[in-house]
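Please open the model in your viewer and keep the sequence panel beside it. The tour below moves from one selection to the next and says what can be found at each stop.

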Amino acid sequence: MLLFLILMFIGMINPVFAQPPDSSLKATAMAIPGGEGGIGFDDLVFSSELDKVLIPAGHTGKLYLIDPATFEMTSIGGFSSSAVMEKGHEVGISSADEGEGYIFGADHGRHELTVVDLKPGAVVVTADLAGDADYVRYVGGNHEIWATEPHNNQMEVFKFSGGDHPTLKAMVLVHVPKGPESLMIDHLRGLAYTNLGPYAAAIDLTSHVIIAQWPNGCIKSRGDALDEQKGFLFVSCGEGKAVVFDLNHGYKKLSELVTDPGPDVISYNPKLSHLYFTSGKNATLTVIGVSAQGLLTLLGKAPADKRAHCVVSDDQNNIWVCDGPRGQLLRYKDSL
């Protein structure tokens, strides 16, 4: 015990890492058809409008939708595909979002923004992208689709029109130095959030201009999550840290918590006020509690895949984690 305390004092042991996995968090595997040789997952989204989890399944050429209550799985095709996972998530559909009865996706194989009409369940319009897209998000109030293109340090904004003859029109390129890493849309405040290296940034949804930047506390910034109602922005740091900022009071830092190293995409359950991190290095899922004041508390951990880097929660308190090498998802029930 004395040796343990000494090692903690000099920083060789972190008490967060020392906590064992929570036995109540048990994974149930759900295989993705066509993913037997692996899937280069990069983005998972829960659509409250559709009440579905959106699973862009990379080289399979399909987008899968899962009902969080029944676990029924359906699929939509029409995206570029490859017989095997050759380039991680650089083939096929890698990111998707939903709005107005449509799904918008980034197709890496064709370098296209793709629009699926959910009524026929088919691709109805596409547009060439100026760069290789990372994340796609829909801005409903503006009828716009935003696509991050980090290799070009920019975001590309498209205008969308539905109806009998849907159209996409490229509007503007937003220069984002040292980014953009991640993308969260805050409809309540009319802002988008992303990371620019060691800084977080807010972008006005109407003018498409960066209006604020502040240190995000990261050496390597990764994913973001948002509590729109409480005004909390969560940032994950690749070195292993969660940081929360107050959007209502000048982006003030409220707290931070050391986590396992290697997180990327993160997720938040506003009903439970729980934040979810995966560690690509320690093969863990971490559940963090968020108080009304924005204070972070470690609630539990569970084993996950060593290369898992994306996670999303749904309205049934399920946690969905990518298991790319096995071409499946791991589902946990959050009862903490």
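Which side chain does the side chain of S80 join through a polar contact? The partner is D107, and the two side chains are joined by a polar contact of 2.4 Å, where a polar contact is a pair of N or O atoms within 3.5 Å, and within protein one atom must be able to donate a hydrogen and the other to accept it, with residues adjacent in sequence counted only if both atoms are side-chain atoms. This is a predicted model, in which local features need pLDDT of at least 70 and side-chain atom pairs count only at pLDDT 80 or more, while totals for chains, interfaces and linings use all residues. Residues are numbered from 1 along each chain as its sequence is written, and side-chain values use heavy atoms, with hydrogens and water left out.

**Around S80**

Stay with S80, which sits in the loop between β5 (73–76) and β6; strands (E, at least two residues) and helices (H or I, at least four residues) are DSSP runs numbered from the N terminus. S80 has a relative accessible area of 9% and is therefore buried, a label for values under 20%, with exposed meaning over 50% and partly exposed in between (1.4 Å probe, protein chains only). A polar atom of the S80 side chain also lies 3.4 Å from the backbone nitrogen of G92. Not counting residues up to four places away in sequence, S80 touches G58, G61, G92, D107, G109 and R110, contact being heavy atoms within 4.5 Å.

Next select L50, in the loop between β2 and β3 (52–56), which counts as partly exposed at 23% relative accessibility. Leaving aside neighbours within four places in sequence, L50 is in contact with L65, E98, I103 and L118, and its C-alpha atom is separated by 8.4 Å from that of G101, 51 residues apart along the chain. From there go to E100, in the loop between β6 and β7 (102–107), a residue other than glycine whose phi is positive, near 60°. Most residues other than glycine have a negative phi, and most peptide bonds are trans.

Now move to E149 in strand β11 (residues 144–149). The E149 side chain does make a polar contact of 2.5 Å with the side chain of Q154. Its contacts beyond four places in sequence include L129, D132, L173 and P180. N153, in the loop between β11 and β12 (154–161), has a positive phi of about 50° although it is not a glycine.

**Salt bridges**

Side chains of opposite charge can pair when their charged atoms come close. The whole structure holds 8 salt bridges, each a side-chain nitrogen of Lys or Arg within 4 Å of a carboxyl oxygen of Asp or Glu. Select K241 and E256, whose closest N and O atoms are 3.8 Å apart. K241 lies in strand β20 (residues 241–246) and E256 in strand β21 (residues 252–258), so this pair ties together parts that are 15 residues apart in sequence. K241 and E256 also belong to a salt-bridge network with K253.

Then select K301 and D260, a salt bridge with its closest N and O atoms 2.9 Å apart. This pair links K301 in strand β25 (residues 296–303) to D260 in the loop between β21 and β22 (267–269), 41 residues apart. K301 is buried at a relative accessible area of 3%, and D260 is buried at 4%.

**The largest pocket**

Finish at the largest pocket, which holds about 1,100 Å³ of space. A pocket is an open set of points on a 1 Å grid over the protein atoms alone, with protein on both sides within 12 Å along at least five of seven lines, and its lining residues have an atom within 4 Å of a point. Grid points are joined across faces, edges and corners, and the volume is the space filled by probe spheres set on the points. Of the 42 lining residues, V45, F46, M184, I185 and L226 lie nearest the centre. Among the elements that give two or more residues to this lining are β2 (45–47), β14 (181–186) and β18 (221–227).

Methods
1 Å grid on protein atoms, 1.4 Å probe; cavity = no way out; pocket = protein on both sides within 12 Å on 5 of 7 lines; lining within 4 Å.
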